[in-house]
Amino acid sequence: MKFIRSISLRMFGGLTLLSLILLVCFIKVYTKIGDIKQSLRLSKIDPIEISNSVSEISQLTTFSIILFVTFGIIIVAIITKSILFPLSELTKHINDMSKGKMPEIEGKSVWGDELDQMRDSLKTTINEIKKTADFAVKIGKGELDVDFTPVSDDDLLGHTLLAMRSDLIEAAKRDEDRNSIIACDSEVSSILRSHNQLEPLGDELLRFLVKRLNAIQAAFYVVYEDENGEKSIHLINSMAYNKKKSLKRVFKFGEGLVGQSAIEMDFVHRTEIPRDYVTITSGLLGEQRPTSIFIMPLITNSKIYGLLEFASIYKFSTLQVDIIKNVSEIIAQTIFNLLVNERTSNLLTEAQRMSAELSEQSMALQQNAEEMQATQEELKRSNIKLEEQIEEVNNSQKRTYILLENSSEVINIIDKTGTVTYVSPSVKNILGYEVEEIIGTKEINRIVGDGANEYVEMFKTLLVKPKSVVTIIYSYLKKNGDIIWLEVSGRNMLVDASIKGIVLNIRDITERRRAEVESRMRSQMQSLSENSPDLITRINTEGKIYYINPSIEALTNKKPAAFTKKTIYESDLNESVVKSWDEIIQNVLKNKQKIQVEMPFPTENGSLVMNVNAIPEFGESKEIESVLLVSNNITERKQAEVEIQTKNKKITESINYAQRIQVAILPEQKNILSLLPEYFMYYKPKDVVSGDFPWFLETETDIFIAAVDCTGHGVPGAMLSLIGYFLLNDIVKSQKIYEPGKILDILDNSVTKTLKQDVEGNEMKDGMDISLCKINKKLNKIEYAGAHRPLYHLHKGEVLEYKGNKFAIGGGMFRNQTLFTNYEINITKGDSFYFCSDGFPDQFGGDEIKKIGPARIRSIIQENDNIKNFSNMQQIFSDFFDKWKGNQKQMDDLLLIGLRF
C-alpha cells in the first residue's frame with residue numbers, strides 16, 4: 001500500500017541519517033584509539049597522557065550516544081507528525097460533516113498515499129454535496145428546469161432529488177389541469193346562467209367548447225319525450241370549422257353512435273372513424289375528415305337529457321375528456337330546467353288564454369244577471385203559488401217513490417238516443433247502482449256479451465212499431481262486478497207527453513236462469529257420463545254406490561246394475577281397487593276438498609293405471625253427501641312417460657359426456673397461475689355445457705389467452721366451441737401466426753369454410769365473438785384484437801376501453817369486412833386487464849330490470865383498483881352478478897377473465 005510505503009521511506013531516511021552520524025562518531029573514536037596504539041608502539045607514553053586520551057575517547061563516545069538518541073527522537077517526532085497530522089485533519093473534517101457543516105479543504109497532495117487519496121475524495125464529496133444542496137434549494141424555489149446530473153448511477157441523493165423534481169412537475173401539471181377544469185366549469189356555468197332558451201344556449205356553448213377542445217366539428221342534442229313516453233334525440237345546434245350549420249335531425253335510442261351513447265348512458269370515444277360516419281351517423285358536415293370523435297351523454301339524477309358530440313383531427317386528451325365529463329351534469333341540469341320552464345311557459349300561455357275567455361264569459365254573465373234581477377221580483381210572487389203546488393207534488397212523489405223503491409222491478413225511461421232519463425229507486429236494491437249513476441248514461445254500456453245486439457234490435461223495433469211490446473233476455477254487469485241475467489220488456493211511449501220515452505220494465509231472472517241451466521246441465525252431464533270413456537262413480541259417505549257409468553263393463557265384464565245400491569265392500573271389485581277407493585273417500589271426507597291420485601286397476605287383460613279425481617258433493621246443509629270419482633285410464637301416458645324418462649336419461653348422459661369433453665379442453669388453472677400469478681377466471685355456464693370457453697396457449701416467447709363466446713348456449717354452443725378451440729390451436733401452433741389481428745382474420749375465414757357459410761344458399765349464421773390477448777412479459781407489452789368484445793385496461797386509477805371490431809367471427813354476414821384491428825399496449829407495473837363474453841353485461845336485473853352494461857363493469861374495476869389479493873376479484877364480480885340477477889333467470893353463458901401485472 002502507498003501509505004505503508006510512505007512511512008517506510010520516512011523511517012528509512014531517518015535511520016540512514018542516524019547511521020551516518022553514528023558511523024562518523026565511531027570513525028573518530030577508532031581513529032583516536034589507533035593513534036594511541038601507534039604511540040604505544042613507537043614510544044613510551046606517559047600514563048597521565050594515556051589516561052587523558054582514554055577520557056577523551058569516553059567523552060567522545062558519550063557525546064556520540066547522546067547525539068544519536070537526540071537525533072533519533074527528533075526524527076521519530078517528525079515522522080509521527082507527518083502521519084498523525086493528516087489523520088487528525090481528516091477526522092476533524094468528518095466530524096464537521098456529521099454536524100451538517102461543509103468544511104473547506106485547502107492544500108494539495110504531498111505523498112500521494114491513501115491518506116492523500118482520502119483527503120481528495122472527501123474534498124470531492126463535499127463539493128458534490130454542495131452542488132446537490134444548491135439543486136435542492138433551486139427546485140424548492142420552483143426552478144424546476146435547472147440542469148443537474150447525479151455523480152453516478154449509485155448517487156441515491158441525486159436520483160431522489162430528480163424523482164422529487166419529476167413528482168413536483170407532475171403535481172404542477174395536475175394543478176394546472178385542475179385549474180383548467182375549474183376555469184372551464186366557471187365559464188360554462190356563466191354561459192348556462194345567461195340563457196333561458198335551448199338553441200341560443202347550444203350556440204354559445206358549442207362555440208366555447210369547440211375552442212377549448214380544439215375541435216373542428218360539434219353538435220348539441222336534446223332528448224324529448226312524447227305523450228306516450230317514447231324518447232327521441234333531436235339535433236338542436238351544430239358547428240363545423242367555426243361556422244354554424246343549420247342541420248336538424250332526429251335519432252332513435254340505439255341508432256348510430258349517438259343513439260348507442262344515449263341508450264348505454266356512457267360516453268363514446270372513437271379514434272377509428274368510418275369515412276361516411278360524419279354525414280350518415282352524426283349529421284355533421286366537414287371539409288376535412290376527423291380522426292377522433294367524442295360523444296358525452298348529459299345525465300343528471302340517473303336520467304339522460306341530451307348529448308354533446310365533438311370531432312377533431314387530433315385525439316382528445318384525458319384533460320379534454322375530463323373537462324366535458326365535469327360540465328356534463330350541470331349542462332344536463334340546465335337542459336332539464338329549461339325544458340321545465342318551456343312546459344311551464346306553455347301552460348302559463350294556455351292559462352292566460354283561458355283567463356281571457358273566462359273574463360269575456362264573466363261580462364256576459366253579468367249582463368244576464370242584471371236581466372235576471374228584473375224578473376226576480378216576478379218570480380218571488382209566483383214562488384208562493386208554486387210552493388203550494390210543489391208540496392202537493394212532493395207528497396205524491398213520496399208515495400210513488402216508496403212504491404217504486406220496494407218494487408221487484410226496475411223501471412227505466414230512455415230517449416230516442418238510448419240515454420236513460422229516468423230510473424226507479426229500486427235500481428239500488430236490484431242492480432246496486434245509485435239513481436244518479438244511471439241517469440244520463442246508456443243502458444247498453446252495462447250489457448255483457450251478445451245481449452247488446454238484442455238490445456239494439458229491440459230499440460229499433462220499438463221505434464218502428466210504437467204499439468208493440470218487445471221482451472228480451474241478456475246478461476248485465478252489476479255495480480259490485482257480478483254478472484246477472486235480466487228480462488226486459490220495452491214499450492214505446494214517446495208520444496205520451498208525461499213520459500216522452502221508451503219504458504223498460506227490468507226483472508232479475510238470475511235464479512230462474514240458474515235453475516234452468518242446472519237442470520239442463522244435469523241432463524247433459526247424465527248424457528256425457530253415460531257416453532264417457534272414463535269410469536264415473538258416485539259413492540255416498542257410507543261407501544254405497546248409487547251411480548256408476550257403463551265404462552265399468554269394459555273393465556269388469558259386468559253391467560252397472562251389478563254394482564249400484566251396494567257398498568264398495570259388498571261389490572265384486574278387486575280388493576286393491578276397494579282399498580284404494582276407501583282411502584280416497586276417507587281423505588276427501590277428512591279434508592273436504594278435491595284430491596287427485598294415481599292408482600292401479602287390475603283387469604282380466606292386465607293391470608291399468610288410473611288417474612282418479614275425487615270431488616266432494618255438498619248438500620244444502622253444507623255437509624258432504626257424496627264423493628264423485630272420475631277415473632281416467634292413463635296407462636298409455638305412463639308408458640310414454642317411462643319412454644321419455646329413458647330417452648331423457650340417455651340425452652342427459654350424452655350431455656354430461658359432452659361436458660366432460662369440454663372440461664378436458666379447458667386450460668388448467670395451475671398452468672396459467674404459474675405463468676400469470678395474478679389471474680382469475682369467473683366461468684358460469686347457463687346450462688350443463690357452454691358456448692363460452694377460455695383459450696390458453698404458451699409459446700417460446702409469448703402467452704396467448706382469450707375469452708370466446710360462440711353463438712347460442714348449451715349443446716349447439718358447445719359444438720361450435722370445439723371448432724373454435726381446434727382452429728385457434730391450428731392457427732398458432734401449426735401455422736405459426738402470432739399477431740392477434742391476423743389470427744382473428746384467419747379464424748374468421750376458417751369458421752366460414754368449416755361451416756360452409758361461403759356456399760350460396762347456406763342459411764347457417766352461427767359464429768363467435770372473441771377477445772384475444774398476446775402477452776410478452778420480457779417486452780412488457782400486450783397485443784389485443786377483438787370481435788364484438790372490448791378489453792378494459794386499468795392504468796393509474798383510470799379505466800381505458802379498447803373496443804373490438806363491430807363484426808363477428810364467421811356467420812357469413814361480413815364477407816367484405818375489413819381486417820381486424822391489432823392494438824399494442826405497453827404494460828406498467830400495477831396495470832390490470834379484463835375481458836369477457838356478453839353474458840355478464842347483458843344480464844337483466846336490478847330494481848328496474850335493466851342490463852348490467854359496460855359502465856357498471858368499468859365502475860367495479862375502478863372501485864377495486866387497490867385490491868391486495870387480485871384473485872378476490874372473482875368473488876366480487878360473482879357477488880355483484882348474483883345480487884343484480886336476483887330472481888331473474890341467467891340470460892347466457894358467462895366468462896370473465898382478469899389479469900394484473
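## A six-stranded open sheet

In this predicted model, six strands form an open sheet in the order β9-β8-β13-β12-β11-β10 with antiparallel pairing, where strands are DSSP runs of E of at least two residues, helices are runs of H or I of at least four residues, both numbered from the N terminus, and two strands pair if DSSP finds at least two bridges between them. The edges are held by β9 (420-423) and β10 (447-448), each of which has a single partner strand, so one side of each is left without a neighbour in the sheet.

## Confidence and basis of the model

Residues are numbered from 1 along each chain as its sequence is written. Local features need pLDDT of at least 70 and side-chain atom pairs count only at pLDDT 80 or more, while totals for chains, interfaces and linings use all residues, and side-chain values use heavy atoms, with hydrogens and water left out.

The pLDDT, the predictor's confidence in each residue from 0 to 100, averages 80 over the chain, and 78% of the residues score at least 70. Among the elements, the lowest mean, 44, belongs to helix α7 (residues 277-282), and the highest, 95, to strand β29 (residues 832-836). Over residues 279-287 the pLDDT is below 50, yet this stretch has 33 contacts (heavy atoms within 4.5 Å) beyond near neighbours in sequence in the model.

## The chain as a whole

The chain has 20 helices and 32 strands, and 39% of its 901 residues count as buried, that is, under 20% relative accessible area with a 1.4 Å probe and protein chains only, whereas exposed means over 50% and partly exposed lies in between. Cys184 is buried at 1% relative accessibility, as is Cys836 at 3%.

## Two asparagines with positive phi

Asn214, in the loop between α5 (198-213) and β1 (217-225), has a positive phi of about 60 degrees although it is not a glycine, and is partly exposed at 47% relative accessibility. Asn301 lies in the loop between β6 (292-300) and β7 (303-312); its phi is also positive, near 55 degrees, and Asn301 is exposed, with a relative accessible area of 68%.
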